[in-house]
Amino acid sequence: MADINEIAVTYRQHLARLPKHNTRTDYYKRLTMLERWCSMHGITRVEEIDFLQFLDWVFYDRGVSPRTRNNYRTWCRSFCSWLRLIPNPMDDIKPMKEQGKIRQPLPAAMLRRIKEHLVLHDKHFLLAVMLEYYTFIRPGELSELKVGDIDVKRHAIHVRASISKNGMAEMVGLNTAIVSLMRELGTLKHPKDWYIFSNRLRPGTVKLDSRAFRDRWARLRKRLAIPKEYQFYSLKDSGIRDLANNAGIVIARDQARHSSIAVTNKYLQGRDRPIHQATVKFKGAL
């Protein structure tokens, strides 16, 4: 079996050809973590890797969640398949039981408080917050959006195939409140090839690291004393909940670009799921 460094070079070349941007990014990160673990343990060849020990290090030493550990397991299985290891070393390594997610949707009162604060102090971050809440665009995709992706006439955002998680070009609805804020900030006056979020969250030619949204949210959360279970991605949870209750789960599914209602339901806690009028007006046999 080849040296790990040689394998890593070839594998990165393989990843570069993958159509899904987010998948490439995730797999690069996991490979880098495996290289780091191998270096720590003096491992230089693939056949020396104990993938269970690697997963234990990821989980216990790095303190990730069971879900993240399971995501690493899935990647390890894919990596071993790419290496054509038979039998696959991951066959006997089971996934961990995942607990309910810590992240929670934001209450309406908290959403209003956040908006009131950002209107006064940071309208450019307010734009990111509103895009996450109304369009459900993932932070990684959000950092890739360009001025030319905004179609004001159709009230739509073009999510290019090159940045979409599923590798498909898609359109999502653009709320009128977002259009108004973009006009106020002058966002749409910039060249079409400029990123909507660049340095200082202003439009520019340099792509913003998607972690900037999380970091800015952490500072906002501290300033407003918001509990840690309310994260930047909670805006997406909140938007799906509110749109489903207002317009129906099918519309929320389509806006979220989910493959099925079952996927959308994962974002809705039992108390958040909409009550369909058909069930209210249904006349049964009793």
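Which residue in β3 is the bridge partner of I157? The partner is V172, and the legends below place this pair in its sheet.

**Figure 1. Overview of the predicted chain.** This is a predicted model, in which local features need pLDDT of at least 70 and side-chain atom pairs count only at pLDDT 80 or more, while totals for chains, interfaces and linings use all residues. Residues are numbered from 1 along each chain as its sequence is written, and side-chain values use heavy atoms, with hydrogens and water left out. The chain contains 13 helices and three strands; helices (H or I, at least four residues) and strands (E, at least two) are DSSP runs, numbered from the N terminus. Its C-alpha atoms fill a box of roughly 65 × 60 × 40 Å along the principal axes. Of the 286 residues, 42% are buried (buried means under 20% relative accessible area, exposed over 50%, partly exposed in between, with a 1.4 Å probe and protein chains only). Of the contacts between residues at least 6 apart in sequence, 60% join residues at least 24 apart; a contact means heavy atoms within 4.5 Å.

**Figure 2. The three-stranded sheet.** The strands form an open sheet in the order β1-β2-β3, with antiparallel pairing. Because β1 (150-151) and β3 are at the edges with a single partner strand each, one side of each has no neighbour in the sheet. Two strands pair if DSSP finds at least two bridges between them. β2 (residues 156-159) and β3 are joined by four bridges.

Figure 3. In β3 (residues 170-173), E170 and V172 are on the covered face, and M171 and G173 are on the uncovered one.

**Figure 4. Helix α1 against helix α2.** The axes of α1 (residues 4-16) and α2 (residues 21-40) come within 10 Å and cross at roughly 175°. Axes are lines fitted to C-alpha atoms, for helices over the stretch in contact, and angles run from 0 to 180 degrees between N-to-C directions. The two helices are therefore roughly antiparallel (angles under 35 degrees count as roughly parallel, over 145 as roughly antiparallel, 65 to 115 as roughly perpendicular and the rest as oblique). Residues in the contact include I4, Y11 and L15 of α1 and Y27, L31 and C38 of α2. By class, the contact residues are nine nonpolar, one polar and three charged. Ala, Val, Leu, Ile, Met, Phe, Trp, Tyr, Cys and Pro count as nonpolar, Asp, Glu, Lys and Arg as charged, and the others, Gly among them, as polar.

**Figure 5. Helix α6 against helix α8.** The axes of α6 (residues 123-135) and α8 (residues 176-185) come within 10 Å and cross at roughly 160°. α6 and α8 are therefore roughly antiparallel. Among the residues in contact are L127 and L131 of α6 and I178 and L181 of α8. The contact has ten nonpolar, two polar and two charged residues.

**Figure 6. The surroundings of E144.** E144 lies in the loop between α7 (139-142) and β1. It is buried, at a relative accessible area of 8%. Beyond its neighbours within four places in sequence, E144 touches H21, D149, R160, I163, Y195 and K207.
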